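Subject: Handover of a structure

Dear colleague,

Please find below the structure that I am handing over to you. I would be grateful if you would look through it before reading my notes.

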Amino acid sequence: ELLPEDKLTEIGDMVQGSEKGKKCWKAKGSVMMVGDGVNDAPALALADVSVAMGEGAALAMDAADVTLMDSNLDKLLYIVRMGRRVVRTIVENVAFSLVVKAVVMGFTFD
């Protein structure tokens, strides 16, 4: 149980700690905030990734990056897993295309 000011301070400290010397796409310590009320909106706006619960306040949903339409937190785990799967697929596709280009270049210069 944190007051809105305490939430803002905690999230701010976490975000500052995760940004030290790291680029956004290399940061493993990204900060996610999940909230549903008006008092969560400042902390949601400060977090790297913010998730609002659909049954909460409209201000929280406006400040959030993602809005869950119900209060089922299992969907949050699904979102994280799906995001990791998408990033893995993108990396595999880029690596495959680079290998194909290298093979074509090899045949071109032989």
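The notes below set out what was found, from the whole chain down to single residues.

The model is predicted: local features need pLDDT of at least 70 and side-chain atom pairs count only at pLDDT 80 or more, whereas totals for chains, interfaces and linings use all residues. Residues are numbered from 1 along each chain as its sequence is written, and side-chain values use heavy atoms, with hydrogens and water left out.

Overall layout

The chain contains four helices and three strands; helices (H or I, at least four residues) and strands (E, at least two) are DSSP runs, numbered from the N terminus. Along the sequence their order is α-β-α-β-α-β-α. The chain has 110 residues, of which 21% count as buried. Here buried means under 20% relative accessible area, exposed means over 50%, and partly exposed lies in between, with a 1.4 Å probe and protein chains only. Accessible areas come from the Shrake-Rupley method with a 1.4 Å probe, and for residues only the protein chains shown count as cover. Among contacts (heavy atoms within 4.5 Å) with a separation of 6 or more, 23% are between residues 24 or more positions apart.

Salt bridges

How many salt bridges does the structure hold? There are two, a salt bridge being a side-chain nitrogen of Lys or Arg within 4 Å of a carboxyl oxygen of Asp or Glu. One joins Lys-7 to Asp-40, with 2.5 Å between the closest N and O atoms. This pair links distant parts of the chain, 33 residues apart: Lys-7 belongs to helix α1, and Asp-40 to the loop between β1 (32-35) and α2 (41-46). Both Lys-7 and Asp-40 are buried. In the other, Lys-75 pairs with Asp-70, and the closest N and O atoms are 3.3 Å apart. Lys-75 counts as partly exposed because its relative accessibility is 38%; Asp-70 is also partly exposed, at 25%.

Surface patches

Patches are made of residues with over 30% relative accessible area and no salt bridge; like charges are joined within 9 Å, and nonpolar side chains (Val, Leu, Ile, Met, Phe, Trp, Tyr) within 5 Å. A patch of negative charge on the surface consists of Glu-5, Asp-6, Glu-10 and Asp-13. Lys and Arg count as positive and Asp and Glu as negative, while His and the chain ends are not counted; the place of a charge is NZ of Lys, CZ of Arg, CG of Asp or CD of Glu. Asp-6 sits in helix α1 (residues 4-18) and is partly exposed, at 35%.

A nonpolar patch is formed by Tyr-78, Met-82, Val-86, Ile-90, Val-94 and Leu-98, which together have about 560 Å² of accessible area. Val-94 lies in helix α4 (residues 74-108) and is partly exposed, with 44% relative accessibility.

Two single residues

Is Leu-76 buried or exposed? Leu-76, in helix α4, is buried because its relative accessible area is 16%. Beyond its neighbours within four places in sequence, Leu-76 touches Met-32, Val-34, Val-51 and Leu-68.

Gly-56 is located in the loop between β2 (49-53) and α3 (58-63) and is partly exposed, at 24%. With neighbours within four places set aside, Gly-56 is in contact with Asp-36 and Met-61.

Yours sincerely,

A colleague
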